[in-house]
Amino acid sequence: MVTVISYAIGDVYEKELEHMIDSLQQHSPEANAVFAIGKEESSDFKFYIFRGTEQIEIRQYTLDVDPRHLKGWNRLGFIKPWVIFKGMMIALEHFDDELALWLDADARVRGRLESLDEDLDDGQIGLCKRDVDKDWNAGTIAIRINAPTVSWVLDWWKMCKPYFGMEHDDWKFNDQTVMRRLLLNGVSPTITNLGEHWCCIVPMLRGSKNNPPIVKPRLDDAIIWHWQASRGTFLDWKWPPPEHLRPK
């Protein structure tokens with residue numbers, strides 16, 4: 001089976017992760033999972049390990065980054081490859097799973113994950129491209145757990161680490177930016193395009209703070225809907241919308 005990996009820091013993302021876990025356990029209860037939770041300006045993370053819907057262990061790991069630099073949405077995003085690596089190692093140890101699926105905390109699972117192995121085909125890594133920007137998205141990442149992919153994740157982490165000590169005013173510069181650079185400049189395992197079926201992102205919306213428009217992503221049969229809570233950093237109305245208002 002597959003081990004789902006994700007993490008959250010801060011009230012907004014912890015709430016998003018809580019709902020994501022609910023959606024996973026509702027639609028694909030047989031999937032294993034590793035979820036990490038941390039706090040801003042702290043290098044300590046708790047990893048919650050689930051066999052199916054049963055929590056079986058909690059571990060604590062300390063990140064080798066100055067805690068003073070672990071603040072702000074853009075900086076905190078660079079933690080992603082470190083969490084993925086830890087989750088992959090836990091998956092091998094606990095479940096002997098050969099397939100990991102990274103999901104951002106603001107994703108929602110809407111179907112069973114059992115088709116992932118077949119959809120990944122011969123690829124070692126599965127990524128998604130949107131029709132809008134035609135570039136790889138880091139919100140959903142499928143990974144066959146083996147030596148080349150572990151090396152790739154560690155290379156991504158190595159490229160992310162220097163950015164913790166820098167200021168980033170551009171919200172678009174994040175772990176995804178670094179991942180795309182790695183894909184362009186490095187030697188990567190074989191990549192399969194999983195398409196929007198595995199990462200369908202809600203359209204960019206404009207509205208008012210008191211009346212945000214709520215629409216659903218355009219692919220109703222997508223396995224993953226991604227709500228991009230990061231938009232709350234630059235939109236002038238509250239985002240993401242309350243869970244009870246989101247289409248199911």
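What percentage of the 248 residues in the protein chain is buried? Then zoom in on α5: which of its residues are buried, and what covers them?

Analyst: Some ground rules before the tour. This is a predicted model, so local features are reported only at pLDDT of at least 70 and side-chain atom pairs only at pLDDT 80 or more, while totals for chains, interfaces and linings use all residues. Residues are numbered from 1 along each chain as its sequence is written, and side-chain values use heavy atoms, with hydrogens and water left out.

To your first question: buried residues make up 53% of the 248 in the protein chain. Buried here means under 20% relative accessible area, exposed means over 50%, and partly exposed is what falls in between (1.4 Å probe, protein chains only). The chain exposes about 11500 Å², with carbon and sulfur atoms supplying 48% of that; these areas come from the Shrake-Rupley method with a 1.4 Å probe, and for residues only the protein chains shown count as cover. Six helices and 11 strands make up the list of elements. Of the contacts with a separation of 6 or more, 71% are between residues 24 or more positions apart, a contact being heavy atoms within 4.5 Å.

Now for α5. This helix has 14 residues and reaches 20 Å from its first C-alpha to its last, close to the expected 20 Å; the expected span is 1.5 Å times one less than the number of residues. Its buried residues are T149, V150, W152, V153, W156, W157 and C160. Looking down the helix axis, they fall within an arc of 160°, so they line one face of α5. As for the cover over the buried residues, it includes α3 (80-94), β7 (125-129), β8 (136-144) and α6.

K161 forms a salt bridge with D64, the closest N and O atoms being 3.5 Å apart. To count as a salt bridge, a side-chain nitrogen of Lys or Arg must be within 4 Å of a carboxyl oxygen of Asp or Glu. K161 is partly exposed at 31%, while D64 is exposed at 61%. Elsewhere, salt bridges that share partners join E16, R108, E243 and R246 into one network.

The whole structure has 18 salt bridges. Another of them pairs E30 with R112 at 3.4 Å, N to O. E30 lies in the loop between α1 (11-27) and β2 (32-38) and R112 in the loop between β6 (107-109) and α4 (116-120), so this one ties together parts 82 residues apart in sequence. Both partners are partly exposed, E30 at 28% and R112 at 42%.

β4 pairs with β3 in the antiparallel sense over eight bridges; strands count as paired if DSSP finds at least two bridges between them. The two form a hairpin with two residues between them, and G52 in the turn has a positive phi of about 65°. Within this pairing, R59 in β4 is the bridge partner of F47. R59 is buried at 16%, and its side chain meets that of E57 in a salt bridge of 2.8 Å, N to O. E57 itself is partly exposed at 26%. On the other pairing of β3 (residues 44-51), β2 runs antiparallel over six bridges, with V34 opposite I49.

How values were computed. Helices (H or I, at least four residues) and strands (E, at least two) are DSSP runs, numbered from the N terminus. The arc is that of the directions from the helix axis to the C-beta atoms.
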